Amino acid sequence: MTSRQLIAGNWKMNLDREGATLLARELGGAVGAAASFEMAVCPPTPYLLPVAEVLAGSLVALGAQDCHAATSGAHTGDVSAPMLRDVGCTYVIVGHSERRADHGETDEQVRAKAEAAHAVGLVPIVCVGETEAQRDAGSTLDVVGRQVTGSIPDGLDGSTLVVAYEPVWAIGTGRTPTVMDVAAVHAHIREVLGSRTADAAGVRILYGGSVKPSNAAELMAVANVDGALVGGASLKAADFLAVARAV
């Protein structure tokens with residue numbers, strides 16, 4: 001790994017404007033130049049601008065939860081990568097399992113979104129992960145490998161790509177894989193990345209799925225785990241900062 005571990009908070013469809021800006025203010029004031037980690041937050045789209053204003057001058061980066069593959073056009077309700085860049089985003093999550101499930105997003109569509117993000121200077125956080133049925137069938141590595149191969153554009157590197165492994169069955173359930181399982185999947189992702197980029201060793205691979213203060217230190221110490229994509233625990237400053245400090 002060539003850079004600090006990344007702790008990214010996915011706020012999903014939670015909070016209101018006041019809550020989002022208060023949380024951002026707490027985080028921005030708590031993360032200093034001596035931090036051993038990099039932090040980013042991904043608020044709901046309506047709150048990107050007010051959160052960006054609060055975070056201005058801080059060391060906390062701003063991310064979005066999705067983008068469209070097109071730069072503009074007749075796509076009601078969607079948001080383009082240039083728009084996200086315009087309001088101050090550095091990162092954008094693409095291919096989250098909830099997008100794949102709720103909106104039927106395919107690897108091809110996720111890859112197009114990642115390409116659109118990269119084209120305007122955003123860093124895509126490309127999400128991959130297996131369902132419980134796929135895990136029980138013993139196909140975790142095959143599923144995750146296919147998603148990595150299909151969802152990640154060619155030629156990106158450690159400065160332009162982040163991958164997040166989130167086993168679908170662990171998201172929001174309080175359940176997590178064993179340390180050995182996480183190590184095996186992250187090692188496999190690193191190996192598969194070798195076919196997508198010449199800088200596989202430099203790409204940060206985050207773990208996500210019920211990450212919380214009580215398990216963060218153990219998970220962040222696993223080989224090839226370069227940070228965390230945090231859901232519920234990112235909605236409270238104390239919990240999110242505890243996860244970050246676990247690195």
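Predicted model: local features only at pLDDT ≥ 70, side-chain atom pairs only at ≥ 80, totals over all residues.

Colleague: Which residues make up helix 5, and how far does it reach?

Modeller: Helix 5 runs over residues 107-119, so 13 residues by the helix runs used here. From first C-alpha to last it reaches 18 Å, close to the 18 Å expected at 1.5 Å a residue.

Colleague: Which residues in helix 5 are buried?

Modeller: Val-110, Lys-113, Ala-114, Ala-116 and Ala-117. They cover an arc of only 160° around the axis, so they end up on the same side of helix 5.

Colleague: Why would residues a few places apart point the same way?

Modeller: An α-helix has 3.6 residues a turn, so residues three or four places apart point the same way.

Colleague: OK, and what covers the buried residues of helix 5?

Modeller: The cover includes helix 3, strand 4, helix 4, strand 5 and helix 7. On the face turned away from the buried side you find the exposed residues Glu-108 and Ala-119.

Colleague: What follows helix 5?

Modeller: Gly-121 does, with a positive phi near 90°.

Colleague: Switching topic: where is Thr-160, and is it buried or exposed?

Modeller: Thr-160 is in the loop between helix 7 and strand 6. Its relative accessible area is 18%, and buried means under 20%, so Thr-160 counts as buried.

Colleague: What does the Thr-160 side chain reach?

Modeller: The backbone nitrogen of Asp-157, at 2.8 Å. Leaving aside residues up to four places away in sequence, Thr-160 also touches His-118, Val-123 and Pro-124.

Key. Residues numbered from 1 in each chain as written. Heavy atoms only, no water. Helix = DSSP H or I, 4+ residues; strand = E, 2+ residues; numbered from the N terminus. Expected span 1.5 Å × (residues − 1). Buried < 20%, exposed > 50% of the residue type's maximum accessible area, 1.4 Å probe, protein only. Arc of directions from axis to C-beta. Contact = heavy atoms within 4.5 Å. Polar contact = N/O pair within 3.5 Å; in protein donor to acceptor, adjacent residues only side chain to side chain.
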